[in-house]
Amino acid sequence: MIPISKPLIEEEEIDLVNKVLKSGHIVQGPMVEELEKDFEKLSNTKYAIALNSGTAALHTALYAIGIKPGDEVITTPFTFIATANSVLMAHANPVFVDIDEATFNINPDRIEEAITPKTKAIITVDLYGQPASYDRIMEIAKKHHLIVIDDAAQSVGATYHNKKIGEIADISCFSLYATKNLMSGEGGMITTNKHKFADRARLFRHHGQNQEKRYYYFDIGYNYRMTDLHAAIAAAQMQKLSDLTRKRIEIATRYNKELQNIQGIVTPYIMPRIKHVFHQYTLRITSKYKMNRDELQQHLLEKGIQTNIYYPIPLYKFEHLKQGKRSEMPITEQICQEVLSIPVHPNLKDEDIEYIINTIKQV
Ligand SMILES: *Cc1c(COP(=O)(O)O)cnc(C)c1O
């Protein structure tokens, strides 16, 4: 079976974890600091704050920017559940906006109609590794005095018009979960250029404790600290990130070339002047194709190719999020029925890629 994802664990990761174990400094120590420095460099930002998951990063970012109970946060319904749940964790209300058919990211043309006096922020998602339409989104945010949080869980290393993901939004959140492009098992990271946001994020990850004065607490906080063991895995991967990303892009480019002329299959659209880092390589299996999406998925499974559907259900269909739907979302509805992600991770061998291409072509 060719798996849809496979975490890359090599000698470097194992050696660095061993080094941390032997050092005795296991939590919020020098390795976490080193990883934060790595992210500041990668994202070209002044501050990076390590957390113990991408979800923790989103929750912390919402606290850092000052989201209050009852505030509204605009986001996409076509994403992983954590994007919207984090808004509820901050006692605010997610409001969904339909996506763009070509990029699968939030449609900037639909954002302004969703803004109300309660709207305080927009959470963009760089779905599958392709940055959202930041030129438009930052302009809308500026006009309406909104703060932009980038859920960059899937886009580490991506760029948008010569800017790095992590430096574009006011505050950006990465996930280092096992299947992500850069991983630590579980982990998260915030990057920002705003000193105040960084300060508040550091408080929040450690019970709201005053950083100068131990056992003095400014506010509620959580235990969102990263361990140095996890940081070591990601720090080792950081050395190889550009190679790993290049490999993903190469595989995606090959798929695009080989699969683009199949009737009824739509290969991923890549916006101009961006770097798409292909966390997922996602096809649309439209009604013009000879079988439906689920049948193709079953067929590939029988041939030993694992695929996955990111994401089968719009988030507003879930009971706890349904108040976030205030208009029709025809594109999200349609795309949920059509997407199928095929393996694109750097662990794929040449013959795996060829086998996947030929299997799809031979249907
Ligand atoms: C993975 C992911 C998250 C959550 O990250 P965790 O580290 O699993 O908590 C949030 N948003 C998106 C878009 C993701 O893909």
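In the predicted model, an oxygen atom of the ligand is placed 2.5 Å from an N or O atom in the side chain of T55. Of the 380 Å² of accessible area that the ligand has on its own, the protein covers 93%. The ligand sits in the largest pocket, and the elements that contribute two or more residues to the shell around it are helix 3, spanning residues 54–64, and helix 4, spanning residues 81–89. In total, 15 residues surround the ligand, and G54, T55, D151, S175 and K180 are the closest of these.

The strands of the model were examined next. Strands of a sheet pair through backbone hydrogen bonds, in either a parallel or an antiparallel sense. Strand 9, which comprises residues 188–192, is mostly covered, with 5 of its 5 residues buried. Strand 9 has two pairing partners described here. With strand 1, made up of residues 47–51, it pairs in the antiparallel sense over 5 bridges, and in this pairing I190 of strand 9 is the bridge partner of I49. With strand 8, made up of residues 171–175, strand 9 likewise pairs in the antiparallel sense over 5 bridges, and here M189 of strand 9 stands opposite F174.

A parallel arrangement is found for strand 4, residues 119–125, and strand 5, residues 147–151, which pair over 5 bridges. Within this pairing, I149 in strand 5 is the bridge partner of I123. Strand 5 is largely enclosed by the rest of the structure, because 4 of its 5 residues are buried.

An open sheet is formed by 3 strands in the order 7-6-11, with antiparallel pairing. Strand 7, residues 163–164, and strand 11, residues 274–275, are the edge strands, each of them pairing on one side only. Strand 6, which covers residues 159–160, pairs with strand 11 in the antiparallel sense over 2 bridges, and Y160 stands opposite I274 of strand 11.

Two loop residues were also considered. A90 is located in the loop between helix 4 and strand 3, the latter spanning residues 93–96. This residue counts as buried because its relative accessibility, 12%, is under the 20% limit. The C-alpha atom of A90 is separated by 40 Å from that of T253, a residue 163 positions away along the chain. T286, in turn, belongs to the loop that lies between strand 12, residues 281–285, and helix 9, residues 293–302. With a relative accessible area of 15%, T286 also falls under the 20% limit and is therefore buried. A polar atom of the T286 side chain lies 2.8 Å from the backbone oxygen of G264.

Technical notes. Residues numbered from 1 in each chain as written. Predicted model: local features only at pLDDT ≥ 70, side-chain atom pairs only at ≥ 80, totals over all residues. Heavy atoms only, no water. Buried < 20%, exposed > 50% of the residue type's maximum accessible area, 1.4 Å probe, protein only. Pairing = 2+ DSSP bridges. Near = heavy atom within 4 Å. Polar contact = N/O pair within 3.5 Å; in protein donor to acceptor, adjacent residues only side chain to side chain. Areas by Shrake-Rupley, 256 points an atom, 1.4 Å probe, with all protein chains shown as cover. 1 Å grid on protein atoms, 1.4 Å probe; cavity = no way out; pocket = protein on both sides within 12 Å on 5 of 7 lines; lining within 4 Å. Sits in = over half its atoms within 2 Å of the grid points.
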